[in-house]
Amino acid sequence: MNRSKKPPATESTSKSSATMARKRSCKTTLIFFVLLSVIAFVAFVPVFASLPSLSSHSHDLHLHLRRHHRREKIDVRNFEIAEDMFWKDGKPFQIIGGDLHYFRILPGYWEDRLLRAKALGLNTIQTYIPWNLHEPEPGKLVFEGIADLVSFLKLCQKLGLLVMLRAGPYICAEWDLGGFPAWLLALEPDIRLRSSDPAYLRMVERWWGVLLPKVAPLLYGSGGPIIMVQIENEFGSYGDDKAYLSHLVKLARGNLGEDIILYTTDGGSRETLEKGTIRGDDVFSAVDFTTGDDPWPIFKLQKEFNSPGKSPPLSSEFYTGWLTHWGEKIARTDADFSAAALEKILSQNGSVVLYMAHGGTNFGFYNGANTGSDESDYKPDLTSYDYDAPITESGDVDNAKFKAIRRVVKKYSSVSLPSVPSNNKKTGYGPIQLQKTASLFDLLDGIDSARIVEAENPTAMEYLYQMFGFLLYVSEYASKTGGSKLVIPKVHDRAQVFISCSSKANGGQVSYIGTIERWSNQAIGLPNAECVSNTSLFILVENMGRVNYGPYVFDRKGILSSVYVDGRVLNRWKMISIPFHNLNEVPKLNPVIRVASEFPKVLARKELKHKSEDVLEGPSFYTGRFSIDKTSGVTDTYISLRGWGKGIAFVNEFNIGRYWPTSGPQCNLYIPAPILRHGENVLVIFELESANPELVVDSVDQPDFMCASRKASVHQL
């Protein structure tokens with residue numbers, strides 16, 4: 001009550017004696033009632049002493065009734081936030097989770113990795129959903145094989161694991177283009193990703209209109225494992241478009257209902273939380289921060305961006321390790337340091353999600369990249385996404401970090417932890433002899449001229465409707481005595497330059513001239529080829545992975561500028577796509593060499609004898625075979641590419657990813673057992689530079705991250 005307010009004035013009229021008697025009687029009754037009230041108050045004063053106000057009492061009574069209501073609804077599946085806690089089926093719940101991405105693990109190993117996560121003590125799995133994996137072409141939707149999201153979610157439920165689903169549409173994840181399909185970059189006019197641009201939102205609406213109904217039956221309240229669904233990802237580190245975020249929330253609610261917890265994740269600073277969160281009860285704001293930071297001041301800040309009582313402390317990305325780019329030293333973090341930082345959160349009933357619990361592998365062409373101070377400061381990620389996580393790339397758990405984290409989790413887990421499984425067996429199948437099957441340039445004559453794209457100027461890969469792999473640009477110039485200078489102001493990402501005489505009368509031999517790299521773009525000198533006619537110029541551009549984070553996420557590939565020879569623009573280009581196949585797609589036989597797109601079916605049938613002259617500089621295909629005895633089990637292995645240059649490798653037609661031992665630090669590529677088979681296995685390598693002189697790769701039983709590196713790791717926790 002507002003004590004400054006005066007009581008109303010009384011009437012001054014005279015009353016009869018009967019009226020006065022009634023007043024005296026009422027007054028006596030009132031005095032008696034007041035005395036009883038005082039006695040009651042004194043009797044119960046210990047109770048009321050703890051209650052500062054009537055409103056406080058009502059609040060506690062409300063909470064008591066809610067707890068009682070939860071106990072009554074014990075048989076009803078429910079996951080909610082109240083009293084700054086998570087509640088599962090009416091009981092307080094501490095999330096001890098970890099990121100584990102289905103698209104970085106072969107389906108044959110999903111259960112194996114999830115069981116190891118349980119043995120670590122996790123009760124929740126967090127995973128992204130990469131849009132580009134599921135819609136590699138507009139309208140072509142893929143939810144089978146490694147993209148079988150529903151089967152993965154059901155497997156989590158079968159194993160008793162809850163799920164936090166990071167639905168995007170942007171995910172980052174060190175994944176190509178942050179999970180966006182590259183064909184979005186081919187739409188005209190240009191759309192603005194991660195914004196309230198109507199053209200972009202229409203694409204998101206169409207995608208989520210397919211995705212969200214698939215996962216809706218798997219929400220916790222509907223009997224499934226999904227307890228929370230994330231909106232976007234770390235948007236506060238990118239932009240400030242509340243209309244965009246609110247539109248995503250509206251779409252999610254329309255497909256998933258009002259009961260599911262929607263959440264955002266942003267860095268633990270006021271600036272990122274101001275820009276990336278949505279105030280109010282509708283969306284829970286989680287935080288992430290560097291492992292060395294004191295978590296509790298950040299959790300206190302987190303409370304400001306959630307409604308009262310709606311801010312359970314949650315670090316939704318607790319970094320167990322870090323990513324590594326080509327040319328860096330492998331990132332390593334101390335096990336005891338990580339475990340101690342984790343205990344700071346768990347010991348005070350905070351919730352946490354390990355990023356990563358198990359990293360896995362960037363199979364195919366899906367690795368992402370980062371940039372530094374500008375767009376040209378380009379840093380592509382390794383094929384391995386080991387992340388120095390407690391569960392290694394191959395699933396190993398017999399390591400210091402797994403043991404240290406498990407010891408901490410065991411102290412705070414509400415259930416006993418499963419026993420720790422043994423490491424999976426790995427076998428070195430020995431040396432694999434390869435033979436050169438074909439040079440890339442030897443195959444060009446077989447391409448149907450009608451399938452070659454011609455244009456006055458170089459065209460970006462996406463506008464040719466090629467999303468991954470390589471693009472060969474071909475033109476001609478008049479060479480001159482003393483040579484010429486080639487300049488390409490903007491190439492994404494790595495261009496190998498070759499020349500030859502246009503006329504076969506001159507021999508037609510293709511010569512390697514040099515390489516232009518996005519991160520160290522330099523002019524190249526073109527020698528006088530002494531050709532009778534013009535000199536042919538071949539520029540083979542490799543897409544090494546699109547930028548996945550930061551302001552330069554709009555990352556088209558190929559030659560993105562004019563090409564200059566001696567200061568003059570070179571026109572009249574032919575472009576030949578060399579895409580190969582990715583995780584979830586088979587290439588069209590467009591201007592692709594038929595051999596390149598059908599290997600190893602064609603390549604492996606060729607019976608070329610190995611000769612020393614087969615080993616030439618430049619892009620070529622090499623094929624080898626190795627056998628696994630039917631009396632022994634098929635196990636994981638690694639292939640060592642030491643002594644080779646740079647390229648991609650395929651085992652039994654599966655794209656296992658890129659290798660680049662001359663840059664390092666990764667020397668070996670992980671080959672999971674589900675790719676292999678008893679009997680003959682086929683290895684095909686597309687080597688861009690120069691093969692090992694012995695034409696041998698070794699199948700070994702260990703990873704190796706000790707190849708040459710150009711610089712130190714950019715991040716050590």
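Arg-194 is buried, its relative accessible area being 3%. The structure is a predicted model. Arg-194 sits in the loop between S6 and H6, and its phi is near 55°, a positive value in a residue other than glycine. The points below begin with that loop and then take up the backbone, the strands and sheets, and the nonpolar cores.

**The loop between S6 and H6**

- Glu-174 belongs to the loop between strand S6 (162-166) and helix H6 (198-215), and Arg-194 is placed in the loop between S6 and H6 as well.
- Glu-174 is buried yet has no salt bridge.
- The nearest side chain of opposite charge to Glu-174 is that of Arg-104, 5.5 Å away; a salt bridge would need a side-chain nitrogen of Lys or Arg within 4 Å of a carboxyl oxygen.
- Neighbours within four places in sequence aside, the contacts of Glu-174 include Arg-104, Leu-323, Asn-362, Asn-367, Gly-368, Asp-381 and Asn-548.
- Tyrosines are also among the contacts of Glu-174, namely Tyr-355, Tyr-366, Tyr-385 and Tyr-387.

**Backbone exceptions**

- Most residues other than glycine have a negative phi, and most peptide bonds are trans.
- Asp-566 is not a glycine, but has a positive phi of about 55°.
- Asp-566 is in the loop between strand S24 (564-565) and strand S25 (568-569).
- With 33% relative accessibility, Asp-566 counts as partly exposed, whereas Arg-194 is buried at 3%.
- The peptide bond from Tyr-355 to Met-356 is cis, with omega near 0°.
- Met-356 lies in strand S11, and Tyr-355 is one of the residues in contact with Glu-174.
- A cis peptide bond also joins His-492 and Asp-493, where omega is about 15°.
- Asp-493 falls in the loop between strand S18 (491-492) and strand S19 (494-501).

**Strand S11 and its partners**

- Strand S11 (residues 351-358) has eight of its eight residues buried, so it is largely enclosed by the rest of the structure.
- S11 pairs with strand S4 (residues 96-100) in the parallel sense, over four bridges.
- In this pairing Gly-97 stands opposite Val-353 in S11.
- S11 also pairs with strand S10 (residues 314-319), again in the parallel sense and over four bridges.
- Opposite Leu-354 in S11 stands Phe-318.

**The sheet of three strands**

- Three strands make up an open sheet with the order S1-S2-S3 and antiparallel pairing.
- Its edge strands are strand S1 (79-82) and strand S3 (91-93), each of which pairs on one side only.
- On average, neighbouring strands of this sheet are turned by 45° against each other, direction ignored.
- S1 and strand S2 (residues 85-88) run antiparallel and are joined by four bridges.
- Phe-79 is opposite Lys-88 in S2.

**The sheet of eight strands**

- Eight strands form an open sheet in the order S30-S29-S32-S27-S14-S33-S28-S31, and the pairing is antiparallel.
- Strand S30 (654-659) and strand S31 (668-671) are at the edges with a single partner strand each, so one side of each is left without a neighbour in the sheet.
- Neighbouring strands of this sheet are turned by 25° against each other on average, direction ignored.
- Strand S28 (residues 637-640) and strand S33 (residues 696-700) run antiparallel, with three bridges between them.
- Ser-640 stands opposite Asp-698 in S33.

**Nonpolar cores**

- The largest nonpolar core has 157 residues.
- The residues with the most contacts inside this core are Trp-208, Leu-211, Trp-644 and Ile-685.
- H6 gives the most to the core, with nine residues.
- Leaving aside neighbours within four places in sequence, Leu-211 is in contact with Ile-129, Phe-143, Leu-149 and Ala-167.
- Another core lies apart from the largest one and has 23 residues, among them Tyr-477, Leu-486, Ile-524 and Leu-570.

Definitions and conventions. Residues numbered from 1 in each chain as written. Predicted model: local features only at pLDDT ≥ 70, side-chain atom pairs only at ≥ 80, totals over all residues. Heavy atoms only, no water. Helix = DSSP H or I, 4+ residues; strand = E, 2+ residues; numbered from the N terminus. Buried < 20%, exposed > 50% of the residue type's maximum accessible area, 1.4 Å probe, protein only. Lys, Arg positive; Asp, Glu negative; His and termini not counted. Contact = heavy atoms within 4.5 Å. Core = buried A, V, L, I, M, F, W, Y, C linked by side-chain atoms within 4.5 Å. Pairing = 2+ DSSP bridges. Axes fitted to C-alpha atoms, helices over the stretch in contact; angles between N-to-C directions.
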